[in-house]
Amino acid sequence: MAFFDKLGETLSTKSKDVAKKAKDFADVAKLNSQISSEQEGINAAYLAIGRACYEQNRGQTGTPYDAQFQAIDAAMGRIAQLQKEIQVIKGIRQCPACGSEMPAEAVFCPACGTKSEPVVAAAPAPETQQAPTTEVPAQKVCPSCGTELPADGAFCPNCGAKV
């Protein structure tokens, strides 16, 4: 019997040790998570300080951060050019009045109705094969000129009529 008592005591002690180590591990993980959250807050504050410094000092020369300012300006220019290329590929442009996306060939913004000059696209290459016809759901059509309308448009992109 002494053997079983000793074995039971040993198992009980070891299980308590394992439980304590598991609790310690969980506590350390929780504290590390809190540290990470605090570091994210610090990084967000650094970012805000850097953005404010850039906004306040851009265009000025002789600052200790001229090289970084120039790198930011160059990157912003590249981003703007890439966004224009995306718009060309998608066949869209931004409304000069409200900033919403509109078809490149639209004369009027479907969101606000502002008139603007359409962007003339190159003629598409002739199709070599005719695509099979499939039933297309009914499109919204302008009551004034008959142009197909975008589903979310409030104005006709062709004539500017409110729909």
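Visitor: How many aromatic pairs does a search of the whole structure find?
Guide: Keep in mind that this is a predicted model. Rings pair here if their centres lie within 6.5 Å. Searching the whole structure on that basis, the number of aromatic pairs comes to two.

Visitor: Is the pair of Tyr54 and Phe69 stacked or edge-to-face?
Guide: A ring pair is described by the distance of the centres and the angle of the planes. For Tyr54 and Phe69 the centres sit 5.5 Å apart and the planes make 75°. Planes over 60 degrees apart go in one class, so this pair is edge-to-face.

Visitor: Which parts of the chain does that pair link?
Guide: Tyr54 and Phe69 are 15 residues apart, and their pair links distant parts of the chain. Tyr54 belongs to helix 1 (residues 2–57), and Phe69 to helix 2. So the parts linked are helix 1 and helix 2.

Visitor: And what are the planes of Tyr65 and Phe69 doing, and what is that pair called?
Guide: Their ring centres are 6.4 Å apart, with the planes at 45°. Stacked needs under 30 degrees and edge-to-face over 60.

Visitor: Which residues do the ring pairs link into a cluster?
Guide: Phe69 pairs with Tyr54. Put together, the cluster is Tyr54, Tyr65 and Phe69.

Visitor: Is Tyr65 buried or partly exposed?
Guide: Buried means under 20% relative accessible area, and exposed means over 50%. Tyr54, at 4%, is buried, and so is Phe69, at 7%. Tyr65 has 43%, so the word for Tyr65 is partly exposed.

Visitor: At what angle do the axes of helix 1 and helix 2 cross?
Guide: Packed helices are described by the angle and the distance between their axes. Here the axes come within 11 Å. The crossing makes helix 1 roughly perpendicular to helix 2; the angle is roughly 90°.

Visitor: Which residues of helix 2 make the contact?
Guide: From helix 1 come Cys53, Tyr54 and Asn57. Tyr54 also has its ring paired with Phe69. Helix 2 brings Phe69, Ile72, Asp73 and Met76.

Visitor: How far does helix 1 reach from its first C-alpha to its last?
Guide: Helix 1 has 56 residues, and at 1.5 Å a residue 82 Å is expected. Its reach is close to that expected value, at 82 Å.

Visitor: What residue with positive phi follows helix 2?
Guide: Helix 2 covers residues 66–90 and reaches 36 Å. Helix 1 is followed by Gly59, with phi near 85°. For helix 2 the phi is near 70°, and the residue is Gly91.

Visitor: What pattern does the chain follow along the sequence?
Guide: The secondary structure comes to two helices and four strands. Read along the sequence, the pattern is α-α-β-β-β-β.

Terms used:
Residues are numbered from 1 along each chain as its sequence is written. This is a predicted model: local features need pLDDT of at least 70, side-chain atom pairs count only at pLDDT 80 or more; totals for chains, interfaces and linings use all residues. Side-chain values use heavy atoms; hydrogens and water are left out. The expected span of a helix is 1.5 Å times one less than its number of residues. Rings of Phe, Tyr and Trp (its six-membered ring) pair if their centres lie within 6.5 Å; planes under 30 degrees apart count as stacked, over 60 as edge-to-face and the rest as tilted. Buried means under 20% relative accessible area, exposed over 50%, partly exposed in between (1.4 Å probe, protein chains only). Axes are lines fitted to C-alpha atoms, for helices over the stretch in contact, and angles run from 0 to 180 degrees between N-to-C directions. Angles under 35 degrees count as roughly parallel, over 145 as roughly antiparallel, 65 to 115 as roughly perpendicular and the rest as oblique. Contact means heavy atoms within 4.5 Å.
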